[in-house]
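Visitor: I should like to learn how to read the disulfides, the nonpolar cores and the confidence values of a model. May we take the structure shown here as the example?

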Amino acid sequence: MGFANIILHLWAWIFMLWSVANISIAVSSVEIPDPSCSGPQGTEFITVFMQNHFPSYGGKDFRLFITGYTPGTFVTISVNKAGVRFNVRANLGETTWIQIPEFVEMAGSNIFDHTVIVQADHEIAILALNYKTYTADTTVVYPVEKLGTEYYVVTPLGNPDGLDKQFAVVAWKYPTIVEVYLKGAVTFQGETYRPGTKLVISLGAYQAVQLQSRDNLSGTRIVSQNPVAVYSGHICVAKHTKCDYVSEQLLPVSGWGTTFIVPPLSFQPKFDLVYVAASQHTRIDYQSGRLSARRNLVAGQVVTFEIEMSKPLYISASAGIQVAFFCTGGSKGKIVYDPFFLMIPDVSGYCQTYNIHGQDLFENYAVIVAKTAETADVTIDAEPLRITQWRPIPGTAYSWTTYKLRSGFSNHTIENPSSPFGVLSVGIKDKAGYGSTAIGGISGAAPTVQPPYLPSTSCSGPHGTEFITVFMQNHLSRYGNTDFKLFITGYISGTFVTMSVNKADFSVNITANPEQTVSVMIPAFVELAGSNTFDHTVIVRADHEISILALNYKRYTADTTVVYPVEKLGTEYYVVTPLGNPDGLDKQFAVVAWKYPTIVEVYLKGAVTFQGETYRPGTKLVIPLGAYQAVQLQSHDDLSGTRIVSQNPVAVYSGHVCVAKHTKCDYVSEQLLPVSGWGTTFIVPPLSFQPKFDLVYVAASQYTHIDYQSGRVRATKDLVAGQVVTFEIKFPNPLYISASAGIQVIFFCTGGSKGKIVFDPFLLMIPDVSGYCQTYNIHGQDQYENYAIITAETSESGGIIIDKEPLGNIAWRPIPGTLFSWAEYNLGKEFKRETMEHPTTPFGLLSIGIASRSGYSDAILQCGPLQGRNSL
């Protein structure tokens, strides 16, 4: 699956509680219990990340997506026996993601300690992502109160490709004995256990065991002394298309149901598979299309049904059963989509209200099952469904339909005011596919989701309570007087902020208040010099959220960068070092460890000399960093495309000691976002005062297709992992880019002239359109001509105000291929803080300043909450 699939289909899961009325099926003599539509909310969870493809394959991205239901819910995420801990706040109607370190991935059949533990002071819900390039899946994580002591495994079967089926058992806080009654051969701790044998495993508190086999493991029974979590799937399964990792957390036997409806995929040209598992002697009555039949199952038996486009499957059982749907992959027109795996909900779990999210770059569908007599009452976003064909489900009082959602990211509420119904969320695109049960939500109180790469109803700025940063080498170390500053903006009155330098006698305390920005001078000795490791990193801590802008200044050579809080750090980055004239000055980047020591692997694209040894392009440089240590690496070569992978989260800064293109040289630097924080949709406005051209760098972390438009010219490019491509951008033509996977976009002003001002280069990160906000704080710098470069929906541009006043008469220019326009707003020549905002619609803002022999820029992301959303 492509990266867009993995990140985007996360948003198809919404977890809320609802109470609904009784449901009955015409042919069923089994009484269906009063449904509670209880979602997977809780206050404590345990989870693992099973092996995805081969351990060495692809870039890893493991995440937990946490949805809150009470304002200010405090959540702690930790890794057992690893010294890793994150604290986040989950608020009502918000979803926050946390990156989990790569070392948690399990490999092979063994016992593992690095389970992930989540604890909260109020109820939350969790979705887990296990991603590698083109192979990934998500699963709901159930709270510990839904765990049990008896499970039956289902491992989907594909082509005999030699890749392993697998499952994992995870102990909670109580040590437990786990008995595994194997249906396939497993080799564990040097001994082979044949099918039919019992494997007994002792697990300590928060330990896990993963078992793999070439054999089919379906029907394997797991019995434990104390409650455990069980995950089941395949490291990469293929049937009709390419292989894909699949995984689902299973419900214990005590949580199974008796009545299931499985609608087919209307676009599947072949067939998909449905697995039904029994835990005891069970009679099932089933109907597939017009075929009605009965089967008797015994404990541990798993039967398979083929399900085709015109034949929904209805199952009624005399005892609880487990039903799993395996999409085998297929094609629809030119789209060839890959497999996915999902658990089918019992009819008793149907709800009256669901939230469903169409994903960007996918054909998105809601597969709906409703009582035939009530289908007309199903609405989407309070409107009747557009013309859609309801098909009866033979043998029941229900019908089903496949309802196509609009293209691109979209948020929808599907509901019936009086009758519960079922919804599955499905999407397909080339080399990708997603599917999930849409879990019901409270009517009128659907959580607001925050997809990281797409236009969104929320704005996640660089606010936080802890930061680490460095000041990279600016020009030659001995050149000029240094002026290093941090600009601190507060959002709560009386915020207490401490700035210190690691392993140095420097500490400053300030108080930050709303509507105020405080500048703090940082001592000159923190400047990094050459290729080496350094201890003097800068640490900032606050008791409430703040945001930080860093200034690295020497006379005629300076730049600013936003400093991101530690919760936005990651473990995989790609460097971009701008190219200018061959002046012999160095490109450079720096990697900064947080409070956890880490091993950093640097896959070099240019030659680097480090600690007396020269590392050529294409080699891997491995660097251990202690807590709060940094390494700076410099080269005459272009370092763009260099990949950085770390055990624990790090900060990465990239730039040039002094780069020249059209004018004199200038120091440039930006803090980079990790691959996990990249986006897919970007607009880059040109500078109206640039007489020549500037450059835009686009970096990819995997195979990525990009569509772009510059003025009236439209084209496409295909990029591979580590590739960095360059675009020239010149007034009046803005650049619009849409990508099939996350990309990093960086703007390099090459220097130029405006009247008597000859301004030097600067560098800035371009924000994804999904990161646009409704409120910004912008800082003009003293002795500069300061500009705000604004990107807004054309129809909403007149609503932007600055310090509560209209912008006045400025020239808005349309951006071809989008619904946006852009404009430049002159902020004057003095140091001041201003607030720019729109009451209903997010927009983009860049801060630019030019002066003779200097220039600066930063992406202004110090933003307030959003109410609306935008789209291209």
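Guide: One point concerns Cys236, which counts as buried because its relative accessible area is 0%; buried means under 20% relative accessible area, exposed over 50%, and partly exposed in between, with a 1.4 Å probe and protein chains only. This is a predicted model, in which local features need pLDDT of at least 70 and side-chain atom pairs count only at pLDDT 80 or more, while totals for chains, interfaces and linings use all residues. Residues are numbered from 1 along each chain as its sequence is written, and side-chain values use heavy atoms, with hydrogens and water left out.

Visitor: How many disulfides does a search of the whole structure find?

Guide: A disulfide is a pair of cysteine sulfur atoms within 2.5 Å. The search of the whole structure finds two. In one of them, Cys236 is linked to Cys243, with the sulfur atoms 2.0 Å apart. The angle about that S-S bond is 85°, and the link of Cys236 and Cys243 is right-handed.

Visitor: Why is the disulfide of Cys658 and Cys665 described as right-handed?

Guide: The sulfur atoms of Cys658 and Cys665 lie 2.0 Å apart. The disulfide of Cys658 and Cys665 is right-handed because the torsion about its S-S bond is about 85°. Both Cys658 and Cys665 are buried.

Visitor: Are Cys327 and Cys749 buried or exposed?

Guide: Cys327 has 0% relative accessibility and therefore counts as buried. Cys749 is likewise buried, with a relative accessible area of 0%.

Visitor: Which residues have the most contacts inside the largest nonpolar core?

Guide: A nonpolar core is a set of buried Ala, Val, Leu, Ile, Met, Phe, Trp, Tyr and Cys residues joined through side-chain atoms within 4.5 Å. The largest one has 146 residues, and Ile77 and Leu486 have the most contacts inside it. Contact means heavy atoms within 4.5 Å. Leaving aside residues up to four places away in sequence, Ile77 touches several residues, among them Leu64, Val84, Arg85, Phe86 and Ile117. A second, separate core of 53 residues includes Tyr736, Phe747, Ile757 and Leu845.

Visitor: Where does pLDDT stay under 50?

Guide: pLDDT is the predictor's confidence in each residue, from 0 to 100. The chain averages 85, and 87% of the residues score at least 70. Residues 1-36 stay under 50, yet the model has 161 contacts for them beyond four places in sequence. Over residues 854-872 the pLDDT is also below 50, and this stretch has 115 contacts beyond near neighbours in sequence. Where pLDDT is low, the predicted coordinates should not be read in detail.
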